[in-house]
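Please look over the sequence and the structure below before reading on.

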Amino acid sequence: IYFTTEVYNALIKAHRRSKTPRPDQAEALFRYMLRSFRETGNERIKPDAKSWAQVMKVYAQEGGRENTKRVIEIFDEVTEAYENGEEDWKPDANIYGALIKSYGCDGRHSYREKALRLLGEMIERYQAGEKHLRPNVGCFIHAIQAQQRATNGAETAEVLLNMLEEFAVGENADLKPSKRLYNLVLRLMSWCDDQEKAIRADKLLNKMIEMGKTDSACKPDVNSYNTVLNTCAFFPTNTDKAILTINLQIAVARIKELCSSDTVKPDDNSYASFIRCCSRLIPTGAKRDAVVGSMFKRACDSGLVSGHVLSSYRMAASRQLFEETLGTGDTHSVVIPYEWKKNVLTLNSIA
């Protein structure tokens, strides 16, 4: 192999994509590249801004205080080098994005705030004429991921999503949000303690559906629907009864859409989540048994009875219905026919 900057960058990136990333080894390769350039003056192996960004990202994705500290040190190093005349190492959106990612993976409150401030700084400086700092979608994703442990994380994520939607116009139209970003915001909504989170999540899913009609990159997938179903099932203990009624209406509407759709099909998590909704939103009795029994039969006919589906069914169905369906009231002794589980793809399948 004839080593060039591109080859070194690809090798450093491979460390980041590894199942067992070793930031120290990635940096050792980068330092060898840097030292070789300085000793030989060979421009073909001179690190570029991407080289610095790649090694920062390896540390960033591992999280933890020590790795965050190392990312900051490398950021300070490349910034100082640029200020001392290394024009090729001008910190760009990739380098700033790696720093935002590091703040997000760190988990501390102060670093969540730093991620937001840094993204805001990038936008302001870009709009003031520093075009090399135009934030990419990854910068927004990392800033949103940083909010996962925050009390108001879902609200902040929505603000960031709206900010990106407003930013992605004109010359920045290529930065429009994708399904991945919308699904991330949906997940944060599902984890929050807002009574109306299912209503908010359903509204966002509607937006994805409408946008998906003209842009396939925004079209919701089964995970989008499953997250909304889960959001309907898990709610604060003090949630108003009227809102719980709306949660059930949303869940019923969304599972019907999935079951009748030609493009997005339910998976085992869809059935498990809806049955879980029934156990928490429909009072015990004949009506719940009828709905739960019908949905479990649909899961059986689809070959999608996983461990998740079975445990949800056990919680939702009456003992009589469960025993009539499966021949026993003990989930541990249930023998599921192959035809009932043949299409389960998750790790939670039943042996």
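What covers the buried residues of α7? The cover includes α5 (93-106), α6 (109-127), α8 (153-167) and α9. This is a predicted model, in which local features need pLDDT of at least 70 and side-chain atom pairs count only at pLDDT 80 or more, while totals for chains, interfaces and linings use all residues. Residues are numbered from 1 along each chain as its sequence is written, and side-chain values use heavy atoms, with hydrogens and water left out.

Helix α7 (residues 137-145) is largely enclosed by the rest of the structure, because seven of its nine residues are buried (under 20% relative accessible area, 1.4 Å probe, protein chains only). The buried residues are Val137, Cys139, Phe140, Ile141, His142, Ala143 and Ile144. At the start of α7, a side-chain oxygen of asparagine 136 comes to within 3.1 Å of the backbone nitrogen of glycine 138.

Helix α9 (residues 179-191) contains asparagine 183. Asparagine 183 is buried, with a relative accessible area of 8%. Apart from neighbours within four places in sequence, asparagine 183 is in contact (heavy atoms within 4.5 Å) with Met208, Asp221, Asn223 and Ser224.

Now the chain as a whole. The chain has 17 helices and zero strands; these are DSSP runs, helices being H or I of at least four residues and strands E of at least two, numbered from the N terminus. Of the 351 residues in the chain, 49% are buried. Among contacts with a separation of 6 or more, 66% join residues 24 or more positions apart. The C-alpha trace spans about 80 × 40 × 35 Å along its principal axes.

Terms used
Buried means under 20% relative accessible area, exposed over 50%, partly exposed in between (1.4 Å probe, protein chains only). A polar contact is a pair of N or O atoms within 3.5 Å; within protein, one must be able to donate a hydrogen and the other to accept it, and residues adjacent in sequence count only if both atoms are side-chain atoms.
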